[in-house]
Amino acid sequence: MLNDAEYAALDGGSYRIAYFFRLATTPIVRLWCGIGKIEPGVNAIDETGAVYVGFGEITDIPAFRQLINGQAERVDFTLSGVTPEILQVASEADAPAVKGKDCAVGFALMGDDWQLLGAVKWIRRYTADFLGISQTVTENVQDPIMRTVTLSVGSLMTGRRRPGLSYFTDQDQKRRSPTDRFCERTTLYTQERRKKWPKVGD
Amino acid sequence: MSELIYVPASLLRYRSVEPELSARVIAPGLSGAGVIPKMSVDGGGLWTIAFGEIQLSTPAHRQAWRAINAMCDGGVNKLIIPFVDLPHQPWPIVSGKPLTSYDTIPHDDGSLFSDGSGYVQSVIDAEIVTSAALRSTSLRIRMNYSGGLMGGEHFSIEHPVMSHRMYRIGRVVERDDGDFDVVIRPPLREAVSGGEILDFDAPKSIFEPETPGGLNIGTDIIGMARPSPMLIEGFTSEMLA
């Protein structure tokens, strides 16, 4: 998996590591933890190569485990340095667009001259679930307000333990299958009414 | 859409200045043998520049600063900051002294503009020889008119998308044909091609104040203002699109 140059870099005692994050929405979100843009070339997911944007920073790559004995996990990616554009995506109608999308985390090693020594190694693939925004509350006017966006992702198994945030409404059904009109009239149902079924005869 | 605001170099009469590349290094602690292995995850660093006590001594200076502060909108609009570094740049030596600027340059018939000012031209003339890819750290440059390079100098390149970006020379090797092979930090923000101009006179980069109120000044009773802003390199959303 690693080439000779990468093994040599790991032997050195100091490491230069680039993390990569890819979320398969439309358009595809490609981020990495450094500054500016990077073209990591062809790898297992980007078959023709692509540009990754140093997006502020992914503040915290959560620890994750391989799936062992079917124990599912859920991790959250938190992003600081959020631009207004991303906030708009996270807060408005586009937020459900991430649900069910493929989300991958990878890394690559860099040499002393900050050049990538090999392709990006994708070490974990998740299914994205939902986006959340958090904003710090401050009581001092001088303090800057900090916003972060959190993406919660899980594996295929996660969904069995925790239901996804979706309902049998027309909007949710249209997102799953755009032409399906199955739930079109669910808003007409009245809640809090109990239907009386005919009694079974004695 | 955000606007880029040029900050004139004459406004930045600082008492101290410190442009540095911030590095995010994760240290996992001391090992049993006393070694601290380090892991760098920032991919080359981000410029920060700390000005100490910029002297805004006249009303015109303070008004210009206030106007820039207003247009900056707390960092929404980015600033183009020139870093004029007279002692350390490779100025050409003319009759024993470094030549840091030309006098006012008139029109070709010898006349000046109606207010008595002339043209401005940079002194150090340098260009890129061979093109280099995005995130390269080694460049071959040609110094057409300058002093010698020693390492530790700064220059900037005006990229088509990323606009002005500053780089620092870390290692210099002079070639037999007079060109220089230099190693730079941070890695190139955008690919460059041969013939692109290097700005050694007043290296510029895009900055934004560290906090929204970072450019605020307080004027004291004798009419002096000495702000000490801390600026970090910024990118507009168009640059990262």
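How many residue pairs are in polar contact between chain B and chain A? The count is four, both residues of a pair being at pLDDT 80 or more; a polar contact is a pair of N or O atoms within 3.5 Å, and within protein one must be able to donate a hydrogen and the other to accept it, while residues adjacent in sequence count only if both atoms are side-chain atoms.

This is a predicted model, where local features need pLDDT of at least 70 and side-chain atom pairs count only at pLDDT 80 or more, while totals for chains, interfaces and linings use all residues. Residues are numbered from 1 along each chain as its sequence is written, chains are lettered from A in the order in which they are written, and side-chain values use heavy atoms, leaving out hydrogens and water.

Now for the sheet in chain B. Six strands make an open, mixed sheet, in the order E1-E6-E15-E16-E5-E2. Strands are DSSP runs (E, at least two residues), numbered from the N terminus, and two of them pair if DSSP finds at least two bridges between them. E1 and E2 of chain B stand at the edges with a single partner strand each, so one side of each has no neighbour in the sheet. E2(B) pairs with E5(B) in the antiparallel sense, over seven bridges, and here B:Glu18 sits opposite B:Ala50.

Here are some strands of chain B:

| Strand | Residues |
|---|---|
| E1(B) | 4–6 |
| E2(B) | 16–22 |
| E5(B) | 46–52 |

Back at the interface, 25 residues from chain B and 24 residues from chain A take part in the contact (heavy atoms within 4.5 Å).

Note on methods. Helix = DSSP H or I, 4+ residues; strand = E, 2+ residues; numbered from the N terminus.
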